[in-house]
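Okay, thanks for making time, everyone. I'd like to walk through a few packing details in this one, so let me put it up on the screen.

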Amino acid sequence: MKIKNAEFIISAVSPKQYPTDDLPQIVLVGKSNVGKSSFINTMLNRKKLAKTSSQPGKTRLINFYKIYEENKNFYFVDLPGYGYSKMSKEQQVQVGKFIEEYLQKCKDICLVVFLIDIRHSPTADDKLMYDYIISQNLPCVVVANKADKIAVPKVDTQVLELQNILNPLKDLTFVPFSAERKIYTENALDIIEKYL
């Protein structure tokens, strides 16, 4: 995959604001502060296209980034993070509605990239999101982010353990990732290219 350029297009809150050019969409879901923005920036080799924050829960909208690739243009779609404890109940419900409405109504989703933290067992919210993605019959790859935070020899074992918890049937792909080290980027790009 040879990415030529990328740009932020729109922050949306409803289907009438989604792009209408019928390009395939790669959707990023995960809890707040799991590193969705860093994933986008690393994959595109850009530093600040997707805004990262030390404060979780900052992304409250659906952000669309258009990617110009040598053979096919597509979108990265960054959904609001879930599970941020300091968000009010009302805000959590609103964010949940944005996510659910998008996943149900967007017809251009070709892959859900579900990010989890490699260091921790999936949370109850992670399990709910995973179950929801499966119930919607959406193609999904699970990315175990922050692999730079654990010893290299433990990475594969930890990824397998997370798969045993979330996906004991082992019918989904689980891969490690590190925005810091950038050592797993090619693998993730290859998977995305396959779905495109």
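So, Tyr 18, Phe 64, Tyr 75 and Tyr 102 form one aromatic cluster. Rings here are those of Phe, Tyr and Trp (its six-membered ring), and they pair if their centres lie within 6.5 Å; planes under 30 degrees apart are stacked, over 60 edge-to-face, and the rest tilted. Before I go on, this is a predicted model: local features need pLDDT of at least 70, side-chain atom pairs count only at pLDDT 80 or more, and totals for chains, interfaces and linings use all residues. Residues are numbered from 1 along each chain as its sequence is written, and side-chain values use heavy atoms, with hydrogens and water left out.

How many aromatic pairs does the structure hold? There are eight. Take Tyr 18 and Phe 64: the ring centres are 5.7 Å apart and the planes sit at 45°, so that pair is tilted. Tyr 18 is in the loop between strand S1 (3–12) and strand S2 (25–30), while Phe 64 is in strand S3 (residues 62–69), so the pair ties together parts 46 residues apart in sequence. Helices and strands, by the way, are DSSP runs numbered from the N terminus (H or I, at least four residues, for helices; E, at least two, for strands).

Are those two buried or exposed? Tyr 18 counts as buried at 8% relative accessibility, and Phe 64 is buried at 0%. The cut-offs are under 20% relative accessible area for buried, over 50% for exposed and partly exposed in between, using a 1.4 Å probe and protein chains only.

Phe 64 also pairs with Tyr 75, and that one is edge-to-face, with 6.2 Å centre to centre and 90° between the planes. This pair links Phe 64 in S3 with Tyr 75 in strand S4 (residues 74–78), eleven residues apart. Both Phe 64 and Tyr 75 are buried.

Let's stay with S4 for a moment. Five of its five residues are buried. Phe 74, Phe 76 and Asp 78 cover one side, Tyr 75 and Val 77 the other, and they are all buried. What does S4 pair with? On the S3 side, the two strands are antiparallel over five bridges, and they form a hairpin with four residues between them. Tyr 65, for example, has Phe 76 in S4 as its bridge partner. S2 is joined to S4 as well, by four bridges, and those two run parallel; there, Leu 28 stands opposite Asp 78. Strands pair, in this scheme, if DSSP finds at least two bridges between them.

Now, charges. A salt bridge here is a side-chain nitrogen of Lys or Arg within 4 Å of a carboxyl oxygen of Asp or Glu, and the count comes to five. One of them is Glu 101 with Lys 105, closest N and O atoms 3.6 Å apart. Those two are four residues apart in helix H2 (residues 89–105), so about one helical turn separates them. Glu 101 is partly exposed at 25%.

Asp 117 and Arg 119 make another, at 2.8 Å between the closest N and O atoms. Asp 117 is buried at 6%, whereas Arg 119 is partly exposed at 35%. Then there's Asp 148 with Lys 149, at 3.8 Å, N to O. Asp 148 is buried at 17%, and Lys 149 is partly exposed at 48%.

Leaving out residues up to four places away in sequence, Ile 150 touches Ile 118, Arg 119, Val 155, Gln 158 and Arg 181, where contact means heavy atoms within 4.5 Å.

Last one, and it's the one I'd like you to look at: Asp 126, in helix H3 (residues 124–135). What Asp 126 does have is a side-chain polar atom 3.0 Å from the backbone nitrogen of Thr 123. Beyond four places in sequence, Asp 126 touches Lys 31, Tyr 82, Phe 114 and Ile 116.

Note on methods. A polar contact is a pair of N or O atoms within 3.5 Å; within protein, one must be able to donate a hydrogen and the other to accept it, and residues adjacent in sequence count only if both atoms are side-chain atoms.
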